[in-house]
Amino acid sequence: MQEPSTALLPAPVRRIAAWCAVTLLVAGVGYVGIRLCGEFRTAVVPVLLALLGTALLGPLHRWLIKVGVGRSLAAGLTCVAVVGVVGGAVYIVVAALIDTGDQIVASLKDAAQGIADHFGAAGTSLDDLASNAKELLGRFGGTAASGVISGVSVVGEVIAMAVLALFLVFFFLRDSHRAVGALRAVVPAASGDLVEALARRAFGAVEGFMRGTTIIALIDAVCIGVGLLVLDVPGAVGLAALVFVGAYIPYLGAFISGAVAVLVALADRGVVIALWALGIVLAVQVLEGHVLQPAIQSRTVQMHPAVVLVAITAGASTSGVLGMLLAVPLTAAAFAVGHELRERYARDASAVDS
């Protein structure tokens with residue numbers, strides 16, 4: 001005779017409670033992990049940036065090894081090439097901004113003055129704003145000075161993290177062939193195959209995202225830069241570089257960099273040229289969204305735009321611009337891990353059924 005059930009709660013409620021407990025546990029672990037990363041950001045951020053750099057530079061390093069260059073020398077040449085390219089790009093941008101910076105600032109000031117004249121209320125003119133700014137600066141001079149000091153310390157911290165990330169890129173590239181062995185050494189033997197498959201899938205997603213984003217960013221920057229040069233917009237090279245950098249923050253970065261380019265065109269060349277610049281930016285964005293993204297990144301990174309926007313927002317709320325930069329590749333890695341687990345469990349379930 002079957003005994004009556006002594007459970008206090010029905011089975012559906014128990015399942016919901018179990019899922020709630022798992023969700024809270026995962027959320028708690030994630031929150032603690034984020035807080036720890038924030039506390040140790042000077043060590044965590046260079047590691048994450050180095051992983052992104054390794055994913056981007058891995059093909060070049062492997063090609064150098066393939067043609068007969070030693071691993072250490074290939075890693076060193078790759079890092080030197082990166083320093084040269086980044087340094088050259090910074091020099092070009094800085095030179096362009098120095099040559100046309102005053103013109104851009106003056107144009108933006110004229111545009112702001114025009115907006116204030118047409119739409120500003122009393123007390124919102126540039127002169128009023130300048131006087132108010134001077135008053136605030138005099139009132140809070142000590143705070144401003146401490147802000148400058150903290151800003152200098154932040155710059156020093158950023159430089160230190162960049163140098164550390166560069167050294168880590170060298171070591172990650174040089175010792176990449178030992179990564180699988182090192183990973184298997186720190187996990188249980190029974191989980192070695194699973195952990196290796198997950199790591200390869202996650203790194204492959206990050207590598208695909210970085211490679212695809214770089215190609216798309218280069219195409220966007222060249223197209224928009226050429227269009228701005230044809231329109232004779234001041235600072236076209238610097239604006240193109242801004243478009244290139246902004247492309248690493250999907251959707252939002254392109255929107256901001258394109259808006260800046262249109263605003264500069266409006267301030268310096270008038271409404272007609274600004275409309276032409278807007279048309280060029282929109283055409284490039286349509287090309288990116290309907291041609292470049294599906295053709296280049298659809299095979300490696302498959303995420304809905306809503307997921308990307310939520311990831312960018314979450315990254316910005318936790319770590320600012322750096323969080324926005326890291327959010328999408330980390331989310332891509334998480335999605336790749338989820339796909340790998342789902343495929344493995346599907347295969348295991350089908351094997352059990354058969």
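Trainee: What makes the model's local features count?

Mentor: In this predicted model local features need pLDDT of at least 70 and side-chain atom pairs count only at pLDDT 80 or more, while totals for chains, interfaces and linings use all residues. Residues are numbered from 1 along each chain as its sequence is written, and side-chain values use heavy atoms, with hydrogens and water left out.

Trainee: Why are α2 and α7 called roughly perpendicular?

Mentor: Helix α2 (residues 41-66) and helix α7 (residues 192-230) pack at about 80 degrees. Roughly perpendicular means 65 to 115 degrees, so the term applies to α2 and α7.

Trainee: Which residues of α7 meet α2?

Mentor: Contact means heavy atoms within 4.5 Å. Phe-203, Val-206, Glu-207, Met-210, Arg-211 and Thr-214 in α7 meet residues of α2, including Leu-51 and Arg-62.

Trainee: What makes α8 roughly antiparallel to α9?

Mentor: The axes of helix α8 (residues 236-246) and α9 cross at roughly 165 degrees. Angles over 145 degrees count as roughly antiparallel, and therefore α8 is roughly antiparallel to α9.

Trainee: Which residues of α9 are called buried?

Mentor: Buried means under 20% relative accessible area, with a 1.4 Å probe and protein chains only. Among the buried residues of α9 are Gly-253, Ala-254, Ser-257, Ala-261 and Val-264, and these five also meet α8.

Technical notes: Buried means under 20% relative accessible area, exposed over 50%, partly exposed in between (1.4 Å probe, protein chains only). Helices (H or I, at least four residues) and strands (E, at least two) are DSSP runs, numbered from the N terminus. Axes are lines fitted to C-alpha atoms, for helices over the stretch in contact, and angles run from 0 to 180 degrees between N-to-C directions. Angles under 35 degrees count as roughly parallel, over 145 as roughly antiparallel, 65 to 115 as roughly perpendicular and the rest as oblique.
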